[in-house]
Amino acid sequence: IANWKSNKTIKETEEWLHSFSDGVKRKGVNVEGKTVIVAPSFTSLEHAHYCLGNLKLSLKFAAQDISPFDEGAHTGEVNGRQIKELADYVIVGHSERRKNFGEDEEMVNQKIEHSLKQELTPIVCVSILEQTQKSKLKSQNYNSKLKSYENKVVIAYEPLFAIGSGKPDTPENANEFAKSIKNELGEIPVLYGGSVKSDNVKSFTSMPHIGGVLVGGASLDPLEFLKIIKNA
Ligand code: PGA
């Protein structure tokens with residue numbers, strides 16, 4: 001997953017997609033068995049969706065956030081029904097939102113709920129195990145709810161010290177954490193995020209409990225992101 005955070009204008013988004021597409025064709029990168037997801041800003045999401053139709057890339061899109069409310073009088077919020085037109089996934093509870101925008105467990109849970117209601121797959125970011133334990137996903141009716149929505153949930157383990165620092169967690173530690181999450185929540189995909197690059201991605205994805213990576217900084221360069229996909 002490429003998490004662009006608060007980067008790229010519409011034009012820059014288009015340029016990224018074209019370079020990525022050229023790279024895929026030139027290098028013949030085989031993405032079989034891999035799900036490639038790009039999370040642009042809301043302002044770029046519609047155009048990215050449009051470009052995808054022309055470029056015929058097998059990419060999926062994620063929104064970086066979702067309103068904890070249904071549509072209505074919530075100035076500045078983008079709700080699940082609006083997101084559903086343009087994306088299949090939503091990043092929920094990223095540590096930058098928890099830290100800088102005061103998102104607590106209750107709000108994260110509301111966002112998970114609204115994602116599932118619209119059949120969007122939430123990619124729930126956690127940095128400590130307690131966040132998984134307090135999550136709605138742990139609640140008793142979670143399984144029946146998931147069944148009724150026929151949806152999946154993805155967890156991303158993102159230790160705070162590793163985000164944007166150039167100092168990733170060790171693959172062994174990340175694997176242990178992923179294993180603990182699965183003990184709590186069952187067999188759901190767990191990703192690792194925090195300073196992932198093309199030269200360290202394999203050390204994480206080769207771990208038995210890690211199903212993929214969430215990439216911030218290194219995903220801004222389309223060719224580096226392509227290398228990450230290739231090496232994963
Ligand atoms: P980073 O960010 O790859 O720049 O460390 C990861 C993230 O915050 O999702």
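The side chains of Lys11 and Glu15 meet in a salt bridge, 3.0 Å from N to O, a salt bridge being a side-chain nitrogen of Lys or Arg within 4 Å of a carboxyl oxygen of Asp or Glu.

Residues are numbered from 1 along each chain as its sequence is written, and side-chain values use heavy atoms, with hydrogens and water left out. Because the model is predicted, local features need pLDDT of at least 70 and side-chain atom pairs count only at pLDDT 80 or more, while totals for chains, interfaces and linings use all residues.

## Other salt bridges

The whole structure holds 10 salt bridges. One of them joins Lys111 and Glu103 at 2.5 Å, N to O, and both of these residues are buried. Through shared partners, salt bridges connect Asp65, Arg97, Glu103 and Lys111 into one network.

Glu96 also forms a salt bridge with Lys5, the closest N and O atoms being 2.8 Å apart. Glu96 is partly exposed at 28% relative accessibility, and Lys5 is likewise partly exposed, at 21%.

## Contacts with the ligand

A polar side-chain atom of His94 lies 2.7 Å from an oxygen atom of the ligand, and one of Glu158 lies 2.8 Å from a ligand oxygen atom. For Gly216, a backbone N or O atom lies 2.8 Å from an oxygen atom of the ligand.

How values were computed. Polar contact = N/O pair within 3.5 Å; in protein donor to acceptor, adjacent residues only side chain to side chain. Buried < 20%, exposed > 50% of the residue type's maximum accessible area, 1.4 Å probe, protein only.
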